[in-house]
Amino acid sequence: MVRCSNSLIGILNFVTFLLSIPVLVTGVWLSKQAHTECDRWLERPIIAFGVFMLVISFAGLIGACCHVRWLLSLYLVVMFMLILLLSAFSIFIFIVTMKGDGEEISGKGYKEYRLGHYSIMLQNRVNNPAAWNRMKSCLQSSQICSQFQNKYVNDNVDQFYNEKLSALQSGCCKPSNDCGFTYQSPTRWAKTGNVTDTNPDCNAWSNDPNIMCFNCQSCKAALLQNTKTDWRNVSLVNAIILILLSIVYSIGCCAFRNIKKDNWKGY
C-alpha cells in the first residue's frame, strides 16, 4: 500500500508538473491574445502560478518517491492553501464576469457596449482617470482605429452596418447608434444639428484620429468586454486544474499517512 500510494502520488505529481506547462502557455497566450497592451495585466499572475506549480510538483515528487516526510508535509500544506486560493479565484472570476455583454442593435451586424452593464469592480478599473489615460494612450498607439478604417474603407453605409465588428472597433472607433450621426466612412461621421443628451458619448465623439471615441464610455466598456472574455477562458482552465489538484491532494494525504505508519514500524 505504501509503495502503491507513493508511486501513485509520484506519478500524479509528474502529471501536475506537466500540467504546469499549459498554465504557463495560457499566461503567454493571454499576453498575445490581448488586443492591446492595455488589457495585458492578468498574464503575469498566471505565469507566476505556472512556475509555482512546477516547483511544488517537484517537491511532492521528491517527497513521495524518496520518503522525505517533512517535504511531503510542506507539499500538502501548500497544496491545501493553493486549492483554497484557486477556489476563491474561481468564485471571484464568476462574480466579476457575471454581468455585462454586448447589446444587439436592430438592423446592425455589430453590438454596442454600455459601461453600466459591467460589474462595479471592472468599472472602477477603467474609471480611474490615471489608469484610463494609460489605457487610452496604448489604445491610440496600437492604431486599432486606423486598421479599422483601412479594413472597411470601401464599405457603403448598408455594408458597414452589417459588418461583424470587434468590441474595440465598435466601442472606440465609431460613434454610438444613439447619436444618429450620418455615415461618411468607418471613422468619419457627420454630426446632426441636435446631438442627444441621453448618451454623453455623442458629445465625446470626434473625427480626429487621435480622439475618435477614446474618451467614450463605450470604449471603456469594450475594453472590459475583452477582459471578461479572457477571464472566462482562464476560468475554464482554472476549473480543470482545481479538480486535478484536489485528486492529487487526496492521494498525497494517503501517501503521507502511509509514510508515517512506515516510519513508526521502523522504530
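Reply: The protein has ten helices and four strands. This is a predicted model. From the N terminus, the elements run α-α-α-β-β-α-α-α-α-α-β-β-α-α. The chain holds 267 residues, and 46% of them count as buried. Its accessible surface comes to about 13800 Å². Carbon and sulfur atoms account for 61% of that surface. Take the contacts between residues at least 6 apart in sequence: 68% of them join residues at least 24 apart.

Now the annotation. UniProt, in an unreviewed entry, places "transmembrane region" at residues 7–30, 46–65, 72–96 and 236–256. Two of these stretches can be described further. Residues 72–96 are 100% helix and 0% strand, with end C-alpha atoms 36 Å apart. Residues 236–256 are also 100% helix and 0% strand. There the end C-alpha atoms lie 30 Å apart.

Rolling a probe the size of a water molecule over the atoms shows where empty space is left. The largest pocket holds about 260 Å³ of space. It is lined by 15 residues, and Pro-45, Ile-46, Phe-49, Leu-86 and Phe-89 are the closest to its centre. By class, the lining of the largest pocket has 13 nonpolar residues, two polar and no charged.

The second largest pocket is the part you asked about. About 200 Å³ of space lies in it. Its lining also counts 15 residues. Closest to the centre are Cys-145, Ser-146, Pro-209, Asn-210 and Met-212. Helix H5 (129–141) and helix H6 (144–152) each supply at least two lining residues. H6 gives the most, with five. The classes here are six nonpolar, eight polar and one charged.

Start with Met-212, one of the residues closest to the centre of this pocket. Met-212 sits in the loop between helix H9 (201–204) and H10. Its relative accessible area is 2%, so Met-212 is buried. The backbone is worth a look too. Most residues other than glycine have a negative phi. Met-212 has a positive phi of about 45°, although it is not a glycine.

Gln-143 lies in the loop between H5 and H6. Those two helices each supply at least two residues to the lining of the second largest pocket. Gln-143 also has a positive phi, near 60°, and it is a residue other than glycine. Is Gln-143 buried or partly exposed? Its relative accessibility is 40%, so Gln-143 counts as partly exposed. Met-212, at 2%, is buried.

Finish with Trp-132, which is found in helix H5. What makes Trp-132 count as buried? The cut-off is under 20% relative accessible area. Trp-132 has 5%, so it counts as buried. Set aside residues up to four places away in sequence, and Trp-132 touches Val-126, Leu-139, Phe-214, Cys-219, Lys-220 and Leu-223. Trp-132 and Asn-215 are 83 residues apart in sequence. In space they are 9.2 Å apart, C-alpha to C-alpha.

Technical notes: Residues numbered from 1 in each chain as written. Predicted model: local features only at pLDDT ≥ 70, side-chain atom pairs only at ≥ 80, totals over all residues. Heavy atoms only, no water. 1 Å grid on protein atoms, 1.4 Å probe; cavity = no way out; pocket = protein on both sides within 12 Å on 5 of 7 lines; lining within 4 Å. Points joined across faces, edges and corners; volume = space filled by probe spheres on them. Nonpolar A, V, L, I, M, F, W, Y, C, P; charged D, E, K, R; others polar. UniProt positions renumbered as here; feature names shortened; annotations may be inferred. Buried < 20%, exposed > 50% of the residue type's maximum accessible area, 1.4 Å probe, protein only. Contact = heavy atoms within 4.5 Å. Areas by Shrake-Rupley, 256 points an atom, 1.4 Å probe, with all protein chains shown as cover.
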